[in-house]
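Reader: I have a new structure open and would like to go through it. Can you take my questions as they come?

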Amino acid sequence: FIHDELQEKTSTSASNPESIVALLAIVGQTAGAITCYPVGILSDQYFGSRRKPFVYMSCVMLAFGNLSLLLCTTLSQMILVSIWLGAANGIYLTMDTSLAVDTIDEVNDEYIEVSSSSTTTAPTGTNQDKSDIRPHNEAQM
């Protein structure tokens with residue numbers, strides 16, 4: 001697309017499609033890096049650590065951004081869409097990572113709770129290993 005369509009509509013700047021693709025990638029990733037911290041702060045401090053609204057919003061932004069790529073006819077339009085998609089991707093990846101970290105914390109809390117109470121007496125009369133995290137009734141089966 002960049003080689004065939006934009007080369008005809010722009011001057012010599014589109015003569016090297018590889019450099020334009022690299023530019024679009026750098027612009028998009030920079031926009032994602034810029035948006036990730038503010039969105040994380042918004043989610044944690046002002047939305048009570050709610051992640052779903054941001055995930056839904058970023059999915060809608062990604063959908064509109066990808067559809068708008070079909071309408072781009074100039075390099076400047078593609079750069080703006082790349083910024084939009086990069087920001088949406090930064091929002092999504094921030095919330096995705098935050099959801100994973102929140103889930104890991106919950107799993108670790110359950111592991112610590114179960115493993116601290118898992119010292120039970122086996123049917124043979126010896127103590128079981130504390131690394132066994134099964135509840136008491138399952139450990140004896």
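Reader: Among contacts between residues at least 6 apart in sequence, what percentage join residues at least 24 apart?

Author: That comes to 53% in the protein chain. Keep in mind that this is a predicted model.

Reader: How many helices and strands are there?

Author: The protein chain has five helices and zero strands. Along the sequence the pattern reads α-α-α-α-α.

Reader: What is the mean pLDDT, and which element has the lowest?

Author: The mean pLDDT of the chain is 78, and 63% of the residues reach 70 or more. Helix α5, residues 136-139, has the lowest mean among the elements, at 50, while α3 has the highest, at 94. Where pLDDT is low, the predicted coordinates should not be read in detail.

Reader: Let's look at α3, then. How many residues does it have, and how far does it reach?

Author: Helix α3 covers residues 52-69, which is 18 residues. From first C-alpha to last it reaches 26 Å, close to the 26 Å expected at 1.5 Å a residue.

Reader: Which of its residues are buried?

Author: In α3 the buried ones are Phe54, Val55, Ser58, Met61 and Gly65. Looking down the axis of α3, they fall within an arc of 125°, so they line one face of the helix.

Reader: And what does the face turned away from the buried side carry?

Author: That face of α3 carries the exposed residues Lys52, Tyr56, Phe64 and Leu67.

Reader: Changing topic: how many salt bridges are there?

Author: The count is two. Arg51 pairs with Asp44 at 2.7 Å, N to O, and also with Asp102 at 3.2 Å, N to O. Asp102 sits in helix α4, residues 75-116, and Arg51 in the loop between α2 and α3, so this pair links distant parts of the chain, 51 residues apart.

Reader: Is Arg51 buried or exposed?

Author: Arg51 counts as buried, because its relative accessibility is 8% and the cut-off is under 20%.

Reader: What about Ser49, what is its phi near?

Author: Phi of Ser49 is near 60°, a positive value in a residue other than glycine. Most residues other than glycine have a negative phi. Ser49 lies in the loop between α2 and α3 and is partly exposed, with a relative accessible area of 36%.

Note on methods:
Residues are numbered from 1 along each chain as its sequence is written. This is a predicted model: local features need pLDDT of at least 70, side-chain atom pairs count only at pLDDT 80 or more; totals for chains, interfaces and linings use all residues. Side-chain values use heavy atoms; hydrogens and water are left out. Helices (H or I, at least four residues) and strands (E, at least two) are DSSP runs, numbered from the N terminus. The expected span of a helix is 1.5 Å times one less than its number of residues. Buried means under 20% relative accessible area, exposed over 50%, partly exposed in between (1.4 Å probe, protein chains only). The arc is that of the directions from the helix axis to the C-beta atoms. Contact means heavy atoms within 4.5 Å. pLDDT is the predictor's confidence in each residue, from 0 to 100. A salt bridge is a side-chain nitrogen of Lys or Arg within 4 Å of a carboxyl oxygen of Asp or Glu.
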